[in-house]
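Please open the structure in your viewer and keep the selection tool at hand. This tour goes from one stop to the next, saying what to select and what is found there.

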Amino acid sequence: LERMRRIAELALGEPVTQAVITVPAYFNDAQRQATKDAGRIAGLDVRRILNEPTAAALAYGAHKDKRKKNLVVFDLGGGTFDVSVLSIDKGLFEVLAVNGDSALGGEDFDRRIVERLVEEFRETHRVDLATDPMALGRLKEEAERAKKALSEEPHVSIRLPFVATPQSGEPLHLDRTLSRAELEELSRPLLERLAPPCLAALKDSSLKETDIDEILLVGGMSRMPAVQEEVARIFGRKPSKGANPDEIVALGAASHGGILSGDLDDVVLLDVIPQSLGIRVGESGFSVVIPRNTTVPTRVTKTFATSRSDQRFVSVEVYQGDSKDVRENKHLGKFTLDGLPPGPAGSVRVELDFMVDVDGLVRISARELSTGRETALTIAPSGGLGEEELNRIVDSRRSAQGQGG
């Protein structure tokens, strides 16, 4: 982010202090907060955390069409997969549903090629390239190059001279041809993981495949012909190819910067929370407070009563995810409400406000109802940086930059 800020400053010839940062739609609160913290450390005031598919739809200019349209944004990038269903009507962008797989992306396709090459080399030469970091690094680079080339060509040559040098014997070389058909066969298990999130997003949006007017492809992996064929199979129509999948998200972020600055006033965005927010119940239960695909910003109030006499505090563990087993969801933090007034069991009630802002970030406040006073809320985060640590990092980087300048 710091490097991007410097590039922008060189291009503009003036300081850059504010930014819109896009993230995968399926990022949870911890990942969004980490992104915002990183922006702050890089010297940026992060005005908005924007979901990448929403940004892509904005850049695509679908709002310029006066007819109401239902749009699917299919975003398969290097590390994550997101699918969003949007309704666009006269400048109003409403995200109806999001889904995805945060552990599926181009790197997984590269890995399938690497695994095949390592296996073949081991069988042929009895040398395991996976144990040699330098050879493995060269393999990964070549696998990515070959994968990209196969989006345009039916065959590609993979050549790695001197990829291994056994203690006894001549240096070994890797030289073979990889076909598009073989890559598709290797990738079949990954391609099969694309349909479930798409169908889940459609179901959550209450739309059918026939209700979708357009499918927008985003992310470099969407160039793979087998991916495009899978998209057409899932939705029953061919996707649009009218945008550069590598640039469209950045263009959308810039457009949203125009909205925030007042230069674009004909567009309104309504986004959603990507994963359900809730609390632990019992040993492993998960009670949903804010369901996934709820429009943000949103606020939900829950009231808790003490379970024993003279109880001085209540602890609430907050999670994000969509599994009924709380252990399979992301632990966001443990909230301890202390300083409660004494009283019989059930007589003291505490009201919790769960709030999700436009960036998808979670905030929780508490109030003790019998006195009406605000109750202390202590957050013990499950990861990330605390405010004190964040300030220390920002101050130390400013000092270092001042000395370097």
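Before the first selection, one term is needed: a residue counts as buried when its relative accessible area is under 20%, and as exposed when that area is over 50%. Keep in mind as well that this is a predicted model.

**The whole chain.** Begin by showing the protein chain as a cartoon, in which you can look for ten helices and 18 strands. Along the principal axes, the C-alpha atoms fill a box of roughly 80 × 60 × 50 Å. Of the 405 residues in the chain, 46% count as buried, while the chain as a whole exposes about 20,400 Å², with 49% of that area supplied by carbon and sulfur atoms.

**A residue inside.** Next, select strand E5, residues 92-101, and find Asn99 within this strand. Is Asn99 buried or exposed? Asn99 has a relative accessible area of 9%, and because this value is under the 20% limit, Asn99 is buried. If you now show the residues in contact with Asn99, leaving aside its neighbours within four places in sequence, you will find Tyr26, Phe81, Asp82, Val83, Pro197, Ala200, Ala201, Asp204 and Arg292.

**The sheet.** Now widen the selection to the open sheet of six strands, whose order is E8-E3-E4-E5-E9-E12 and whose pairing is mixed. At its edges are strand E8 (214-218) and strand E12 (295-296), each of which pairs on one side only. In general, the strands of a sheet pair through backbone hydrogen bonds, and they may do so in a parallel or an antiparallel way. For an antiparallel example, select strand E3 (residues 69-76) together with strand E4 (residues 81-89), which are joined by eight bridges. Within this pair, Phe74 stands opposite Val83 in E4, and Val83 is also one of the residues in contact with Asn99.

**The largest pocket.** For the last stop, select Met4, Thr22, Asp246, Val249 and Ala250, which lie nearest the centre of the largest pocket among its 45 lining residues. About 1,300 Å³ of space lies in this pocket. Which helix or strand gives the largest share of the lining? Helix H9 does, with seven residues, and H9 spans residues 248-261. Helix H1 (2-12), strand E1 (18-23), helix H4 (106-125) and helix H5 (133-149) are also among the elements that each supply at least two residues. If you colour the lining by class, you will see 21 nonpolar, eleven polar and 13 charged residues.

Key
Residues are numbered from 1 along each chain as its sequence is written. This is a predicted model: local features need pLDDT of at least 70, side-chain atom pairs count only at pLDDT 80 or more; totals for chains, interfaces and linings use all residues. Side-chain values use heavy atoms; hydrogens and water are left out. On a 1 Å grid over the protein atoms alone, a cavity is a set of points where a 1.4 Å probe fits but cannot get out, and a pocket is an open set with protein on both sides within 12 Å along at least five of seven lines; lining residues have an atom within 4 Å of a point. Grid points are joined across faces, edges and corners, and a volume is the space filled by probe spheres set on the points. Helices (H or I, at least four residues) and strands (E, at least two) are DSSP runs, numbered from the N terminus. Ala, Val, Leu, Ile, Met, Phe, Trp, Tyr, Cys and Pro count as nonpolar, Asp, Glu, Lys and Arg as charged, and the others, Gly among them, as polar. Buried means under 20% relative accessible area, exposed over 50%, partly exposed in between (1.4 Å probe, protein chains only). Contact means heavy atoms within 4.5 Å. Two strands pair if DSSP finds at least two bridges between them. Accessible areas come from the Shrake-Rupley method with a 1.4 Å probe; for residues, only the protein chains shown count as cover.
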